[in-house]
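Please view the sequence and the model first.

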Amino acid sequence: MTPFPPQEPKVTIRPLQRRDLEAIGTIAQANANEKTLLQSVEANHLYNSLNETKQHLERLNQRYGLWKFLSLFPNPFRYELCAYVAQEEQQVRGMIQVKPFNRTRSTWRVERVFVDRQTRSLAVGSLLLRHCFETIWEARTWLLEVNINDKNSLALYRQNGFQPLAQLTAWEISPSLLAELQEREPDLPNLLPVSNADAQLLYQLDTAAMPPLVRQVFDRHVQDFKTGFFSALIEGIRQWFSQTEVVSGYVFEPQRKAAIGYFQLQLSRTGKEPHKAEMTVHPAYTWLYPELLSQMARIAQDFPAQPLQVTSADYQPEREEFLEQIGAQRIAHTLLMSRSVWHKLRESKFALEGLQLSEMLQGLQRSRQPVPGRMSWLKSHRQLATPESSPSHSSAGEMATNYDNTEGEQGSRGAGEQGSRGDGEMGR
């Protein structure tokens, strides 16, 4: 007898639970230890990313009850605990965490994927991604960011349909360089604080600052630049717990009545984490880069001396040139990838035998004779009268037609007889 091949253990996907966080932290630590072939600068950035992952898992463990409660009703932080776990033989093999990217939830972002490298990493990772694609039906586009040196993650995402969208570069400005930028007086006469009344201006600036393909994937609207009362309250509580402070502003152009520059600065009060900045500049006003950076350096001088991290994309060459010119250091290269999801409607085949076509087509049958028109009268004149029809019911046109036909038949019959008689006489 031929022995049956051993069946592979079945992998099940289920929502994240608090008892899974310890096993996920072990998987993340083991995966980080394998990446020892990177350059020194990017290895340092990887170490910082590992610390951020550990801190994220710790915060997730501490606030698990709060996020679980907020996931029960609609609110801005409903999807903070949207994560799934791959389990095989009562052991955690991987985890995926996703979150909506915009307010309409048409684009979702893959935040983190942890897969045990000692098992079938591509298969388990694909199962986690496919589960999200099939479960979250409102997502039309998926977005993620991956390090260009992480070959395993790149292979996983490419295998599941993700395509490169843009190349991102993370820059770090040292505290000494920030001190030099603080000495320069920024030329920003129309620098205004951000409020919900400026959402339309910020939306127009964001639309003009990115290429059409990126704009289509992000799918942002005016509502994405507004902050509700509940969101502001939760954000304030988060800043209080994390010992951070967020400062933002935008530059207004009075002649065009438009926003031409925007920045958001996240500052660390404890000095244990670097400061982080986001900038959006209109392509026609690239001279704002040194002005905005000097303004952010002046704001950061009231906080502990820490490096400032800024990100640039490959479709922003002026920003990259400026950062290289001032001496900023590249610390990481990442790839922004996207995947479109087109849901196919499954059409069920109906049994034709069960359909009552006569009853269905009953409403399509005419209930009375149509009203005769001009074309119907012309058609009736051309028709021949039938022998069964009586003269009393025939019209004048039909009687004239019959009379003409009778005379024609008699004439043709007489001509035929004369022709045949003449032929006989000639033959005789």
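Leu-122, Gly-125, Ser-126, Leu-129 and Arg-130 in helix H4 are in contact (heavy atoms within 4.5 Å) with Asn-152, Ala-155, Leu-156, Tyr-157 and Gln-159 in helix H5. The model is a predicted one, in which local features need pLDDT of at least 70 and side-chain atom pairs count only at pLDDT 80 or more, while totals for chains, interfaces and linings use all residues. Residues are numbered from 1 along each chain as its sequence is written, and side-chain values use heavy atoms, leaving out hydrogens and water. Helices (H or I, at least four residues) and strands (E, at least two) are DSSP runs, numbered from the N terminus.

**Helices H4 and H5**

- H4 spans residues 121-135 and H5 residues 151-159; they pack at an angle of about 50°, with their axes 10 Å apart.
- Axes are lines fitted to C-alpha atoms, for helices over the stretch in contact, and angles run from 0 to 180 degrees between N-to-C directions.
- H4 is therefore oblique to H5; angles under 35 degrees count as roughly parallel, over 145 as roughly antiparallel, 65 to 115 as roughly perpendicular and the rest as oblique.

**Helices H6 and H10**

- H6 (residues 175-182) and H10 (residues 288-300) pack with their axes 8 Å apart, at an angle of about 110°, and are therefore roughly perpendicular to each other.
- On the H6 side, Leu-178, Leu-181 and Gln-182 meet Leu-293, Ser-294, Ala-297 and Arg-298 of H10.
- The residues of the contact of H6 with H10 divide into 4 nonpolar, 2 polar and 1 charged.

**The sheet**

- An open sheet of 12 strands has the order E1-E2-E3-E4-E5-E12-E6-E11-E10-E9-E8-E7, with mixed pairing; two strands pair if DSSP finds at least two bridges between them.
- At the edges are E1 (11-15) and E7 (191-193), each pairing on one side only.
- On average, neighbouring strands of this sheet are turned by 25° against each other, direction ignored.
- E2 (residues 83-88) pairs with E3 (residues 91-100) in the antiparallel sense over 6 bridges, and the bridge partner of Tyr-84 in E3 is Ile-96.

**Helices on the sheet**

- H10 lies across E6 (163-173), E7, E8 (244-253), E9 (258-268), E10 (275-281) and E11 (308-313), running at about 30° to E9.
- Helix H11 (residues 317-326) also packs on the sheet, where H11 touches E6, E10, E11 and E12 (329-340); the direction of H11 makes about 25° with that of E6.

Definitions and conventions: Nonpolar A, V, L, I, M, F, W, Y, C, P; charged D, E, K, R; others polar.
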